[in-house]
Amino acid sequence: MTAPDYGRSFALWRAAAAEDWQDYTHHAFVEGLRDGSLPRRCFVNYLIQDYVFLVHFSRAWSMAVVKSETMEEMKTCAATVDALVNHEMALHIRTCAAAGIDEAALFTATEAPANLAYTRYVLDAGMQGDFLDLMAALLPCVMGYGEIGQRLAQTRSADTPYAEWIETYADPDYQALCQTVGAMVDAAVARRIGDLETAPRRTALQNRFSTATRLEVGFWQMGLDLP
Ligand SMILES: Cc1ncc(C[n+]2csc(CCO)c2C)c(N)n1
């Protein structure tokens, strides 16, 4: 199975973080979603944490609007904030409501340390750095779920109870968002630093991407290691 094409910058960062990327996109939690063996309570706990995660990611994408330099960047980042707060979080609210957890409880859930570490790392990348630092830290989340969604949609058990979650990220609209974001990042790189492969900032940006990828691994692990 070939991975989808989400742009050149992403492909370079992904290749240089290959081992961490594999740990992230093929984590035991992901395999449990695919074959349906993930315990329901792990999934619900993950969704509660993920709701809080998405609140902070909406803040991070909003910071990307602030750090945009072109109207194209602004439009893509603003559309991502909209997709997050008005669509992606709806799945969490619906599924948690079915498990007896209302939205107010989601919003005030206590953050697990792995969650706190990841979201604040990304926000700090944006505060300390520029648009590219922020994008390098944000891409593992966007593209990783795109890859996972696509692979799981093709290989999942017919009766996994997590089909709705899988379809959210396999959805053509979501795949199109990944491509739009990938193209925007390629243009943002070209505009600010020219050729990524020879740019002096390549290592620093790679570190942002690789660190965020490892923090995604920690997030899945948190989902399995219930208190
Ligand atoms: C831990 C964690 N990582 C990534 C995503 C997926 N995700 C977060 S923001 C965003 C972009 C706009 O939709 C996407 C796809 C998640 N839900 N939880």
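Two residues are in contact if their C-beta atoms, placed from the backbone, lie within 7 Å. Keep that in mind as we walk through this predicted model, in which local features need pLDDT of at least 70, side-chain atom pairs count only at pLDDT 80 or more, and totals for chains, interfaces and linings use all residues. Residues are numbered from 1 along each chain as its sequence is written.

Let's start with the overall fold. The protein has 11 helices and 0 strands, where helices (H or I, at least four residues) and strands (E, at least two) are DSSP runs numbered from the N terminus. The radius of gyration, taken over C-alpha atoms, is 17 Å, close to the 17 Å that the globule rule gives for 227 residues, so the protein is as compact as a globular protein of that length; the rule is 2.2 Å times the number of residues to the power 0.38. Along the principal axes, the C-alpha atoms fill a box of roughly 50 × 40 × 30 Å. Among contacts between residues at least 6 apart in sequence, 81% join residues at least 24 apart.

Now look at helix α1 (residues 8-16), where Ser-9, Phe-10, Trp-13 and Arg-14 are buried. These four sit on the same side of α1, because they cover an arc of only 125° around the axis, the arc being that of the directions from the helix axis to the C-beta atoms. An α-helix has 3.6 residues a turn, so residues three or four places apart point the same way. The cover over the buried residues of α1 includes α2 (18-25), α8, α10 (172-193) and α11. Buried here means that 20 or more other C-beta atoms lie within 10 Å of a residue's own, exposed means 12 or fewer, and partly exposed is in between, with C-beta atoms placed from the backbone.

Helices α8 and α11 turn up again around the ligand. Here α4 (40-66), α5 (71-98), α8 (131-155) and α11 (202-224) each supply at least two residues of the shell. Of the 13 residues around the ligand, Phe-57, Ala-83, Cys-141, Tyr-145 and Phe-219 come nearest; a residue counts as near if its C-beta atom, placed from the backbone, lies within 6 Å of the molecule.

Finally, follow the chain past α8. Asp-159 is found in the loop between α8 and α9 (163-170), and this residue is exposed, with 8 other C-beta atoms within 10 Å. Asp-159 and Arg-34 are 125 residues apart in sequence, yet 9.6 Å apart in space, C-alpha to C-alpha.
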